[in-house]
Amino acid sequence: MKKNSSGYYEKRLTYGRDPVTGKRLRKAIRAKSIKELDRLVFQFQQEQKVKASVPDDDITFESYSKRWMETKKGKSVNTVNMYRLMLDKHILPEIGQLYFTEIDRQRLQDIINLNFSHANTCNKIRLTLRQIYESAADDGLPNTNINFKRLNLPKQKKVVEKRACTPQEKAAIQTAPLPDQEKAFLFVIFYTGLRREEALALRPEDFDFINCTVSVNKVVVYDGNRAIVNYDMAKNEYSLRSVPLPPQCVDFLKSYTAGKEGFLFRDARAEIPYCRTAYQSFFRRIKKGLVPLAPTADTLTAHIFRHNYATTLYYSDVSIKMAAKLMGHKDTTMIVKIYAHLDELKERVTDKLAKAFD
């Protein structure tokens, strides 16, 4: 094989016919060395097998996973980046060049074993592998009936118990002398339980002060430091919802949104919501403003306000099904856990009072 006039080795491959004209579909592949050309040719041929989805064909894991990643473009940036990191750093170096028929459960376990000191990484590796194998099974690829429940994972470290806001923190939210934008964000996450990414995406037109509701129809996701507004609601379809605004926050939010245009929580010089680092500074300022009135506010996170909202729903006798709907959950699983935990706490208090008056 000789180099062309540009100094590259080249090979032209036929990979089908145009369904309209019937002409052959051809692709020229070029490389600086014969070895590199052979690798690119092999990779292209494998990719064509994936596109054809021929059940009896056996292809490499790397070729299929690249095609699978193309189907994830509709997911949030964070989710796609997680999949890509698990593949590039942990999975493909170990099994990328192997065919599906060469991969058994032990090979997948070996990948997990290499990262056994990092429980969270192991869980993400298994999640990525399981989703790829489920897709491969749907495409009729061989040897995809791996039992992922039998993969041995390290024990997760005990998660710090989620908490609601303390009475001091709740009082500080009402009285702390915060700037209007910071107070508005605080009121939104405290009184509606919106996720951080949902609250950051709010615009004035999302508020209906006649019916006292706020509409959740978009989110902010971060690609590195850059904020991206996702109008496809990548979290799940159940995130699209209308959440009631309690009377305690209506007057202030109505006043704050009046006359404003664009995103409510952004730098005055920008048209898009806060970037990641700007949001972190923004939330630190909120906590700093609360700390003089409630020292524990220094440990607050946006998710604590969401947990506090779920707790408020519980003590307001809101049903599990309605609580899941208001919080944008796909099902009631998470709410059941929170409600069950609060039921247990209530029973403990009841027992202690019973003993005290015995």
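Trainee: Where in the chain is the place of Cys212?

Mentor: This is a predicted model, in which local features need pLDDT of at least 70, side-chain atom pairs count only at pLDDT 80 or more, and totals for chains, interfaces and linings use all residues. Residues are numbered from 1 along each chain as its sequence is written, and side-chain values use heavy atoms, with hydrogens and water left out. Helices (H or I, at least four residues) and strands (E, at least two) are DSSP runs, numbered from the N terminus. In these terms, Cys212 has its place in the loop between β3 (207-208) and β4 (213-216).

Trainee: What value is the phi of Cys212 near?

Mentor: Most residues other than glycine have a negative phi. Cys212 is not a glycine, yet its phi is positive, near 55°.

Trainee: How many disulfides does the structure hold?

Mentor: A disulfide is a pair of cysteine sulfur atoms within 2.5 Å. For the structure, the number of disulfides is zero.

Trainee: Asn143 also has a positive phi, but what is its relative accessible area?

Mentor: Asn143, with a phi of about 55°, is placed in the loop between α5 (119-138) and α6 (167-175). Buried means under 20% relative accessible area, exposed over 50%, and partly exposed in between (1.4 Å probe, protein chains only). Asn143 counts as partly exposed, because its relative accessible area is 30%.

Trainee: Which residues is Ser65 in contact with, leaving aside its neighbours within four places in sequence?

Mentor: Ser65 sits in helix α2 (residues 61-70), and it counts as buried because its relative accessibility is 1%. Contact means heavy atoms within 4.5 Å. With neighbours within four places in sequence set aside, the contacts of Ser65 are Leu87, Leu92 and Ile132.

Trainee: Which element gives the largest share of the lining of the second largest pocket?

Mentor: On a 1 Å grid over the protein atoms alone, a pocket is an open set of points where a 1.4 Å probe fits, with protein on both sides within 12 Å along at least five of seven lines, and lining residues have an atom within 4 Å of a point. The second largest pocket holds about 230 Å³ of space, and of its 13 lining residues the closest to its centre are Lys66, Met69, Glu70, Val80 and Arg84. The elements that give two or more residues to this lining are α2 and α3 (77-95). The largest share, seven residues, comes from α3.

Trainee: What distance separates the C-alpha atoms of Pro177 and Leu290?

Mentor: Pro177 is found in the loop between α6 and α7 (180-192), and it counts as exposed because its relative accessibility is 75%. Pro177 and Leu290 lie 113 residues apart along the chain, while their C-alpha atoms are separated by 8.5 Å.

Methods. Points joined across faces, edges and corners; volume = space filled by probe spheres on them.
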